[in-house]
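Thanks for asking me to look this over. Here are my notes, point by point, to read alongside the structure.

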Amino acid sequence: MRKLTAGLFHSIDGAVEAPNEWQFDRFDDELGAMLGGVLSRVDKVIMGRKGYSEWAGYWPNATQDGAFGDFINAVPKHVASRTLTAPLAWQNSSLIAGDLDAFVAELKGTTGGEISVMASISVVRHLFLAGLLDELTLITHPVIAGKGYRHLFAADDPVTRLTLVSSERTSKGNVVSTYSVMK
């Protein structure tokens, strides 16, 4: 069975939205190396509509961060959306037909590398609470983002027990913690 993972930049106060606006100078070489290791294991990506739309407007022509641009443009991307229609313009992108949970369960049953959820807070949250996300990595930056940013979990989410799989601190004070849902 393939592993389904997700990683999100995270502030001390719980923000996961728009890390480019609050992570500042805390992205370091160790974090870059960790993320490169993750990408080397991923051969399929699941995205939500908003993230797909934003990234499809940027990454195909981006000149910065070539390694990630090369990865995200080439990798097969499966997009969860009730409003987009096929065919999708960004190369190697396809719309998920039908139920997201059933699609993910079926995809996890195929052979291949890791599957990663990217660019979607709501899809990460849904798949994690549904028990389909095997590992969630939170990259906590030593910053308080302040109000106005979305958080991963909501006040009405059910109590969900987690297992800490791993934790590491980088030289600039980022804490990279990986969790799984306790079974």
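1. Let's begin with T178, which sits in strand 8 (residues 175–181). This is a predicted model, and in it T178 has a relative accessibility of 7%. Since buried means under 20%, T178 counts as buried. Its side chain makes a polar contact of 2.8 Å with the side chain of T137. Setting aside residues up to four places away in sequence, T178 touches E135, L136 and T137, and also T163, L164, V165 and S166.

2. How many strands form the open sheet, and in what order? There are eight, running 4-3-2-5-1-6-8-7, with mixed pairing. Strand 4 (93–95) and strand 7 (162–169) are the edge strands, each pairing on one side only. On average, neighbouring strands are turned by 25° against each other, direction ignored.

3. Now helix 4. Its buried residues are L100, V104, L107 and K108. They line one face of the helix, because they fall within an arc of 100° when seen down the axis of helix 4. What do these buried residues pack against? Their partners are strand 1, strand 2, strand 3, strand 5 and helix 5. At the N-terminal end, D99 caps helix 4, with a side-chain oxygen 3.3 Å from the backbone nitrogen of D101.

4. Helix 5 can be read in a similar way. I121, V123, V124, L127 and F128 are its buried residues. They cover an arc of only 170° around the axis, so they are on the same side of helix 5. S120 provides the N-terminal cap: one of its side-chain oxygens lies 3.1 Å from the backbone nitrogen of V123. Just after helix 5 comes G131, with a positive phi of about 80°.

5. On to the interior. In soluble globular proteins, nonpolar side chains tend to be buried together. The largest nonpolar core here has 23 residues, and I46, V117, L127 and L133 have the most contacts inside it. At least two core residues come from each of strand 1 (4–11), helix 4 (100–108), strand 5 (114–118), helix 5 (121–129) and strand 6 (135–141). Helix 5 gives the largest share, five residues. A second, separate core has 14 residues, including V42, F68, F71 and I72.

6. Finally, please look at L31. Is it buried or exposed? L31 counts as buried, because its relative accessibility is 0%. It belongs to helix 1 (residues 29–41). Apart from neighbours within four places in sequence, L31 is in contact with F9, I139, H141, T170, N174 and V176. L31 and T170 are 139 residues apart along the chain, yet their C-alpha atoms are separated by 6.9 Å.

Conventions
Residues numbered from 1 in each chain as written. Predicted model: local features only at pLDDT ≥ 70, side-chain atom pairs only at ≥ 80, totals over all residues. Heavy atoms only, no water. Helix = DSSP H or I, 4+ residues; strand = E, 2+ residues; numbered from the N terminus. Buried < 20%, exposed > 50% of the residue type's maximum accessible area, 1.4 Å probe, protein only. Contact = heavy atoms within 4.5 Å. Core = buried A, V, L, I, M, F, W, Y, C linked by side-chain atoms within 4.5 Å. Polar contact = N/O pair within 3.5 Å; in protein donor to acceptor, adjacent residues only side chain to side chain. Arc of directions from axis to C-beta. Pairing = 2+ DSSP bridges. Axes fitted to C-alpha atoms, helices over the stretch in contact; angles between N-to-C directions.
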